[in-house]
Amino acid sequence: MIGMRQAVVWMLGSKLHKDVLCNSKIKIVPISEVAALKVGPRIFQYFTKVVVQAAQLCYILMKTGSPSYILLQNPPGLPSIAVTWLVCCIRRSNLIIDWHNYGYTIMSLTHGKQHPIVHLAKWYEKIFGRLADYSFCVTNAMKEDLRTNWHINTAVLTIPRYTVLMGSSCFYHYSAITLYDKPPSIFKETPLDIQHRLFMKLAEEYAPFKARTMSECSEVEKSVFTELDSRTGSVTHVQGRPALLISSTSWTEDEDFSILLRALEDFEQFINDGAQLPSLVCVITGKGPLKQYYNHLIEKLHFKHIQICTPWLEAEEYPLLLGSADLGVCLHKSSSGLDLPMKVVDMFGCCLPVCAIHFTCLHELVKHEENGLIFANSNELAEQLKMLFSDFPNVTSRLNRFRKNLQESKQLRWDESWDQTVLPVLKNP
């Protein structure tokens with residue numbers, strides 16, 4: 001909800017960053033997760049869960065207050081789009097949908113494109129998506145798709161908004177506006193001393209962060225990447241340190257991590273064949289339904305020069321680790337082909353170059369040979385890793401050139417992008 005003096009955030013499950021939790025202008029309203037019934041046909045279980053969620057959400061929205069705007073991120077949009085539209089009609093609030101993807105395309109990854117429930121979800125999303133007062137979307141490609149296929153563009157509807165519910169003859173308009181995801185200010189390069197503290201903390205739980213050799217001097221504290229001389233307080237990189245490769249995921253069907261694992265197998269073979277390459281520590285953060293499956297695959301790999309760990313990081317630790325890494329890898333393939341991976345946005349905020357798998361509109365974010373590289377399969381990724389780390393950690397390397405390009409790009413931050421794109425809409429409804 002966006003009001004005049006306070007924002008209300010309804011949230012489910014995710015742990016929020018302390019900057020959000022401590023902001024006096026933001027009120028957090030937790031929503032408990034609704035468990036599906038375990039009896040009856042699956043379609044009945046699903047329908048029952050949606051009905052309960054709709055009733056729960058409607059109750060929470062109606063008792064919260066009378067907002068000027070309700071801003072809804074989609075997906076997930078079932079049942080939230082219909083419920084928030086109904087509440088906006090009753091409260092005479094403005095509904096803004098922030099389109100990050102299409103929910104029905106995500107459902108199709110599990111059920112298949114031709115499943116009846118996917119067709120129903122697509123119909124629902126199109127019908128109720130058109131009823132928003134304003135629509136923001138994350139790419140120009142999605143903006144064009146919303147215009148041509150969903151008929152969401154700047155236009156005045158001929159249907160009175162509140163005719164059915166309120167008997168009013170008021171008309172409304174809505175518009176599709178591209179609002180690129182931008183990194184919050186917490187995503188930035190991490191100073192070396194903070195890197196060391198983070199590595200030492202992670203080393204307590206994850207072996208890949210532990211120093212390979214004990215320090216000969218008791219006053220020197222070492223992680224696998226950094227060392228602190230307590231006599232001078234100086235932190236330096238360990239000579240001959242491994243490269244830190246990082247990826248993040250929600251472990252779902254739209255990211256095939258077997259591509260990365262096969263590329264790492266090729267990278268290991270490059271070293272075994274005599275290539276002068278650093279060892280790697282590969283960190284894959286996140287949690288999700290396929291994490292256990294991929295952990296089983298990782299356990300079957302027997303690398304000498306590569307270590308893989310899959311930690312779950314606290315909200316404050318994730319940007320620090322991104323800002324400490326040498327290269328990011330993104331395996332997100334949009335279910336619709338129209339959204340951009342937020343993980344790459346965050347990586348770029350930390351001036352971290354990226355290798356990303358190709359899909360339709362990725363060029364709106366990743367500029368090949370400028371701020372990273374785009375690959376199509378595991379073989380191409382393996383060759384890119386070999387090329388980028390062939391002169392690691394030389395400051396004149398291609399990897400550092402990409403980093404320098406990101407440093408000099410002076411990209412907008414989230415609050416700056418919001419002020420430029422969203423505030424004018426809210427000030428001139």
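Let's start with D415, which lies in helix 15, residues 414-421. A reminder before I go on: this is a predicted model. D415 has a relative accessible area of 43%, so D415 is partly exposed. Now look for P183. D415 and P183 are 232 residues apart in sequence. In space, C-alpha to C-alpha, D415 and P183 are 8.8 Å apart.

Next, a loop residue. R231 sits in the loop between strand 10, 226-229, and strand 11, 234-237. Is R231 buried or exposed? Relative accessibility is 55%, and the cut-off for exposed is over 50%, so R231 counts as exposed. What does R231 touch, leaving out residues up to four places away in sequence? The answer is C217, E219 and V220. Take E219 from that list. R231 and E219 are 12 residues apart in sequence. Their C-alpha atoms are 6.6 Å apart.

Now to helix 3. Helix 3 covers residues 80-91, which is 12 residues. At 1.5 Å a residue, helix 3 should span 16 Å. The end C-alpha atoms of helix 3 are 16 Å apart, so the span agrees. Just after helix 3 comes R92, with a positive phi of about 60°.

Which residues of helix 3 are buried? They are S80, I81, A82, V83, T84, V87, C88 and C89. Keep the helix geometry in mind. There are 3.6 residues a turn in an α-helix, so residues three or four places apart point the same way.

On to the partners of helix 3. A packed pair of helices is described by the angle between the axes and the distance between them.

Helix 2 is one partner. Helix 2 runs over residues 42-64. Helix 2 and helix 3 pack at about 30°, and their axes are 10 Å apart. The crossing of helix 2 and helix 3 is right-handed. From helix 2, the contact uses A54, L57, C58, L61, M62 and K63. Helix 3 meets them with S80, V83, T84, V87, I90 and R91. By class, this contact of helix 2 with helix 3 has 8 nonpolar, 2 polar and 2 charged residues.

Helix 5, residues 116-129, is another partner. The axes of helix 3 and helix 5 come within 9 Å and cross at roughly 25°. That makes helix 3 roughly parallel to helix 5, because angles under 35 degrees count that way. The crossing of helix 3 and helix 5 is left-handed. Here helix 3 brings S80, I81, A82 and W85. Helix 5 brings Y124, E125, F128 and G129. The contact of helix 3 with helix 5 divides into 5 nonpolar, 2 polar and 1 charged. Note S80. S80 meets helix 2, and S80 also meets helix 5.

Last pair: helix 9, residues 258-272, and helix 13, residues 378-388. How do these axes cross? They come within 8 Å and cross at roughly 45°. Helix 9 and helix 13 are therefore oblique to each other. Their crossing is right-handed. On the helix 9 side, the contact residues are I259, L260, R262, A263, L264, D266, F267 and F270. On the helix 13 side, they are S378, N379, L381, A382, E383, L385 and K386. That contact of helix 9 with helix 13 counts 9 nonpolar, 2 polar and 4 charged residues.

I'll stop there.

Conventions. Residues are numbered from 1 along each chain as its sequence is written. This is a predicted model: local features need pLDDT of at least 70, side-chain atom pairs count only at pLDDT 80 or more; totals for chains, interfaces and linings use all residues. Side-chain values use heavy atoms; hydrogens and water are left out. Helices (H or I, at least four residues) and strands (E, at least two) are DSSP runs, numbered from the N terminus. The expected span of a helix is 1.5 Å times one less than its number of residues. Buried means under 20% relative accessible area, exposed over 50%, partly exposed in between (1.4 Å probe, protein chains only). Axes are lines fitted to C-alpha atoms, for helices over the stretch in contact, and angles run from 0 to 180 degrees between N-to-C directions. Angles under 35 degrees count as roughly parallel, over 145 as roughly antiparallel, 65 to 115 as roughly perpendicular and the rest as oblique. A crossing is left-handed if the near helix is turned anticlockwise from the far one by less than a right angle, and right-handed if clockwise. Contact means heavy atoms within 4.5 Å. Ala, Val, Leu, Ile, Met, Phe, Trp, Tyr, Cys and Pro count as nonpolar, Asp, Glu, Lys and Arg as charged, and the others, Gly among them, as polar.
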